[in-house]
Every structure is written in C-alpha cells, then in structure tokens.
Amino acid sequence: MKTISFSNAVSIKEYALKHCDQTLILFGKNQLVTTAIELMPENVVLCSTERLVSSTGVSETGFSGLVVASQYTELVPIDEPPILSLASLQQAYQQVAADPNAFLLLLCDGCQAHEEMILTSFYFLDPHFKMIGGSAADENKGQTVISLGNKKIPNLAIFFSLPAKILLIKENLYLPIGKRLLVTKADPLKRVVYTFNGRPAAEEYANQLGISVAELTASFIRHPIGKKRGEDIYINSPQRINDDHSISFYAQIIPNTFVEILTPGKIDQILTKTRQQIGQAELLFSIHCTLRNRYLIQSQQWGKVLASLNQVATQQIGFVSNGEQFNWQHLNQTMVLLAIKENTEMGDD
C-alpha cells in the first residue's frame with residue numbers, strides 16, 4: 001500500500017488501466033467525483049469529501065488516496081438496507097478472517113444517517129476484528145458520492161489482508177469538564193435527545209455551560225458531548241436545536257445513559273500521546289471529522305497536527321469525513337487513523 005495523488009480524472013484513468021492489478025481508493029470534492037465517475041475503470045473507488053489531507057496541508061483540489069495490490073483487498077458494495085448485502089459481506093470476511101492484521105475500511109453515505117444500522121449488519125465479525133471508516137459528504141451542499149468503477153453505490157466495505165503490521169488509533173482533542181448529563185428522553189433512531197436531567201435538552205445543556213439557549217449553537221464546536229467507555233471518550237456532536245428545544249445529534253444517543261460535556265484539551269499533550277501510540281510507521285491514512293476540521297481551522301492548528309504526524313510517518317494521506325467509524329462505533333469530531341508498519345507491499349509505479 002502507498003499514497004497516491006492525481007490532478008484530474010483522465011490521469012486516474014490512465015494510471016488505473018496501466019495498473020490493472022492494483023486497486024485505487026481515491027477521495028475528492030463532490031463535483032469532481034461526480035464528473036469523474038463515467039471515466040473510471042473497475043479497479044477505482046471514488047468517494048466524495050469536503051477536504052483532502054496530506055503531509056503538506058489540506059486542500060480542495062484534485063484527488064488523493066491509497067493504492068494497493070488488488071490481491072490484498074475484497075470489495076463489497078453495501079445496499080440499502082445493508083441486510084441485502086449480508087451474504088457477500090460474510091463471504092469477503094471469511095477470505096481475511098484468519099489474518100490478525102486484517103481490517104475493514106468502511107465508506108458510508110453520510111447523508112442517510114444509517115451508519116449505526118450498517119455497523120450492526122457486521123454482527124458476524126469477530127469482536128476483535130479491526131474496523132475503521134468515514135462517512136462521505138459535502139458539508140456545505142449536503143451531497144455524497146461513492147462509486148466502484150463507473151457505478152454509484154450507497155456504501156462500500158473494503159476488507160484488507162496486507163503483508164504488513166497495522167495499527168488503528170483514535171484521537172480526539174476534547175476532555176470532560178466534569179459536568180454529566182443523564183439522557184432522560186431520546187429517540188436513538190432519529191438521533192434526537194428530548195431531555196437531559198428531566199429538562200428540555202437545549203435548556204439543560206446551556207444551563208450546565210452557564211450560557212443561554214441562544215448562545216448554545218455557537219458553543220457546540222468547543223463543547224460537544226462525549227460518551228465515556230472506561231477511560232476513553234467517544235464524541236457525539238450536536239447538529240441543531242429544534243423548535244421544542246430538543247437537540248438533533250450526528251450519532252445515536254441511548255436513553256437512560258450518562259454523557260459528558262467536553263472542552264478542548266491541551267493539543268500538544270494530545271498530539272504527543274498519538275505519536276507515542278504510533279511509534280514509527282511507513283504510511284498513515286487519517287480520517288478527520290468535518291467538525292474537527294472546522295475547529296482546527298478556527299484555532300489555526302491544522303499545521304501543528306500534520307507536522308506532528310509527519311514526525312512518525314514516511315507517507316501521510318487522508319480525508320475529511322461527515323462522521324467516523326472506529327471498531328464498531330460511529331462517532332464525530334474525531335480523527336481515526338490507520339498506521340501501516342513494516343509494510344512489504346509498497347511496490348513501484
């Protein structure tokens with residue numbers, strides 16, 4: 001596996017036809033992806049994104065992603081509903097299940113809010129099987145495109161069994177502020193919380209922050225919600241305040257559970273911890289939430305994040321998503337990262 005970039009669709013087609021034994025997994029802006037699909041050979045995956053991430057910065061031009069020998073991948077389009085693809089998913093999983101370094105890359109339609117339903121369709125996986133993913137979408141236009149060859153598909157599972165040691169890491173930039181909320185009424189399927197601590201959700205959320213409901217929306221980027229599992233935090237970001245002062249979220253929240261209000265932590269300490277987890281890698285593939293992207297732009301810290309990752313990797317590539325998947329969880333405002341270590345499949349062009 002290695003990183004790869006293209007300036008236009010024609011150059012993708014030329015490369016893909018010349019390297020029919022390779023699978024290309026590429027990301028680009030929605031409009032670019034939409035116009036490129038009809039040119040794509042069957043060994044090309046395209047996925048729309050808000051921004052591209054590389055070792056040198058973030059951008060909105062061209063295409064970039066990963067290229068890997070096709071013998072190490074199993075690609076399965078996931079229908080709506082996902083249960084229709086169950087037999088194909090099980091068959092692909094069986095091809096890689098015995099490899100301790102096998103993993104699944106999941107690309108979802110970020111506009112359908114079906115990520116949790118898709119994740120539950122993988123009930124047959126070993127509980128320790130590694131999974132990482134991103135939800136494709138254009139945050140501004142509310143559109144998404146995923147394609148395999150020259151055909152649009154709703155979702156895609158890519159099973160990898162590489163001749164390499166791999167590591168999955170989750171990084172968030174937020175920590176609890178010591179204020180917990182009990183979810184007293186919620187509809188997980190609609191991703192709506194109606195009440196926290198028995199009060200209208202927006203009113204109690206704002207009260208805990210010491211601000212008015214009118215100020216709450218502007219505070220979401222700095223104070224999302226976190227679900228605590230052991231010592232770890234899984235972020236769930238508020239999307240909007242509804243007329244009844246309920247709150248719509250970007251992921252499901254379960255009734256009768258506690259959640260934490262978060263605040264940005266000390267970024268230098270967080271980045272150091274991530275580097276320590278990675279050690280040294282030949283390739284990093286990162287998926288960053290669109291809300292994390294927004295926070296890093298506002299705080300002018302994208303450069304610091306990329307420079308930190310460059311310290312521990314030979315190659316780095318990634319994309320901005322509309323939500324992330326990490327080992328059975330759909331979450332937000334987070335970076336999930338695949339580190340390829342001791343890779344013997346880098347190959348030549």
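A: By class, the lining of the largest pocket is made of eight nonpolar, five polar and six charged residues. Here Ala, Val, Leu, Ile, Met, Phe, Trp, Tyr, Cys and Pro count as nonpolar, Asp, Glu, Lys and Arg as charged, and the others, Gly among them, as polar. This is a predicted model, in which local features need pLDDT of at least 70 and side-chain atom pairs count only at pLDDT 80 or more, while totals for chains, interfaces and linings use all residues. Residues are numbered from 1 along each chain as its sequence is written, and side-chain values use heavy atoms, with hydrogens and water left out.

In total, 19 residues line the pocket, and Lys 170, Asn 172, Leu 175, Asp 232 and Lys 273 lie nearest its centre. The space inside comes to about 500 Å³, a volume being the space filled by probe spheres set on grid points joined across faces, edges and corners. A pocket is an open set of points on a 1 Å grid over the protein atoms alone, where a 1.4 Å probe fits, with protein on both sides within 12 Å along at least five of seven lines; lining residues have an atom within 4 Å of a point.

Which elements build this lining? At least two residues each come from β13 (165-171), β14 (174-187), β18 (232-236) and α7 (267-278). With five residues, α7 gives the most. Helices (H or I, at least four residues) and strands (E, at least two) are DSSP runs, numbered from the N terminus.
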